[in-house]
Amino acid sequence: MSNDYSCSFPFLDSHEFARAASALIPRLQRAGLACRLSGPNECPDAVEFTVLRDTDHFTVRTQAHIVLSPVYALPTLYFVSTLTDGLTSSTRAITLVDELYKYTIPHSAQPILEHSGIYGMSAVSQAENPITNLIGFYVHPCRTGEVMQTINQDRPIPIDEYLVVWFGIIGSVLGVGLL
Amino acid sequence: MSLSASPLFKAKSDLRRRVWDGVVPIQIILAADEARMSVDPYYINASRISYFPLLFPQITAYFKPYLRDPDSADSLEWWLEFEDVPLRWNWPIGLLYDLLTGLDPSQSDNPDHDWHLPWTLVLHHNRYPTETLLRLRNTGDLVENWVNRVKEADFIRRGNATTVMNLSKADSTNLWSGVETHNYDLFWSVAKKLLPSETSSLRHIPIKIYLPSSNKVLQTLVPPHLSPKEPHTVGTALHKFLPDLFPSRRTCLLARPILHGAFLGMTVPLAELLSECMYTDGYLHICIVMIA
């Protein structure tokens, strides 16, 4: 059975996510991003992509995963940023949110990341990537879900476009957008 | 069916209490490159449902006179290692012990079995493994991580996290305080408000399954019922989500589930297990051990 629209928007099941993920890949490629699907062939469970930011003084390489949150049934962005010093070539992982705002997250993305919910915590925090189990950062998915809901009310979003629309919101956290 | 009328747990508060009181005897050895002279290990009976960062201050206070860099005792960013594996400080102590030592209760009659007791860990400050450990600048990092899981568990149970979000300031403070000071009454005075009183309002069971050796943590949405009359049990859930390891819903053939250091009965309904045996973050953290 194939339905072009998610039955419980904005929430996705693993098959809907796999379908949306497959549709996102060519769009990421067109935007010049190295990317791939990963997970079981029949039902991919992650989109991986890399963002490079080169300045005169440093290079930041961000390795990102888009996965379906097993808790919230919403796509979630996990990423690891490594910083290479332009002068010494020494490399280290960025492990503090303050540094993320300095090196990885552009100022324009701040409105997406304003403080959310309980205990006044930031929407970006350190977390264990559920697929790799390695430490990185993630953007808490709930607020993005609300934004998707609002957009969907104007014009229903088919599954194939879900992650494209989603990426238009979240990609700005890493300074990338789709054309 | 009301959870409180369940016949399975007559001594309801007794089981919750026993879970709360579980301990792991631990021996902590200071890493050689941190010490300027030799020092005896630090011994502690650590609560299974608590977290290592809550113990770090007393541990570093003990080792402070022997440190090459005594000021580092004031930092919380220490890390423990067992057989070259850094311990994730945001995982409960009992879970870490069961998983990393490959705890197998079926070996209780085997005199040669190594229970790794006291559990011997090496304490480090240098070379904090940032790839596998979250930063730990202060207790706030521990609280924030724990609160995120409490929120997740609430969302999983009810389909929204409003119950946790709507806790009064006093209640949310007491919930963490109960964990921080290991106060059963304080913790449960708030925690009981978070658990639905009827299984009908329970949407899914917050559960994480830890596979041996592979580092894989399985998490998926498990409803409390298979069908209107049939509750999801430990066995039916494991069979559904790990059919290769659990080909039978009632009998363990290849692997066994462990919770709080004990075998989990395959026929135990998940909803009741949750109510009595959840960790402080609201999750059932279940380890799988292969049958020898």
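The model is predicted: local features need pLDDT of at least 70, side-chain atom pairs count only at pLDDT 80 or more, and totals for chains, interfaces and linings use all residues. Residues are numbered from 1 along each chain as its sequence is written, chains are lettered from A and ligands numbered from 1 in the order in which they are written, and side-chain values use heavy atoms, with hydrogens and water left out.

**Extent of the interface**
- Contact (heavy atoms within 4.5 Å) links 20 residues of chain A with 26 residues of chain B.
- About 2,300 Å² is buried between the two chains, and carbon and sulfur atoms give 57% of this area; buried area is the accessible area (1.4 Å probe) that two parts lose on being put together, summed over both.

**Salt bridge and chain A side**
- The interface of chain A and chain B holds 1 salt bridge, defined as a side-chain nitrogen of Lys or Arg within 4 Å of a carboxyl oxygen of Asp or Glu.
- Arg88(B) and Glu128(A) form a salt bridge, with their closest N and O atoms 2.9 Å apart.
- On the side of chain A that touches chain B, strand 6 (124–128) and strand 7 (135–139) each supply at least two residues; strands are DSSP runs (E, at least two residues), numbered from the N terminus.
- Strand 6 of chain A gives the most to that side, with 4 residues.

**Helix 9 of chain B**
- Helix 9 (residues 270–277; a DSSP run of H or I, at least four residues) has 8 of its 8 residues buried, meaning under 20% relative accessible area (1.4 Å probe, protein chains only).
- Among the buried residues of this helix are Leu270(B), Glu272(B), Glu276(B) and Cys277(B).

Notes: Buried < 20%, exposed > 50% of the residue type's maximum accessible area, 1.4 Å probe, protein only.
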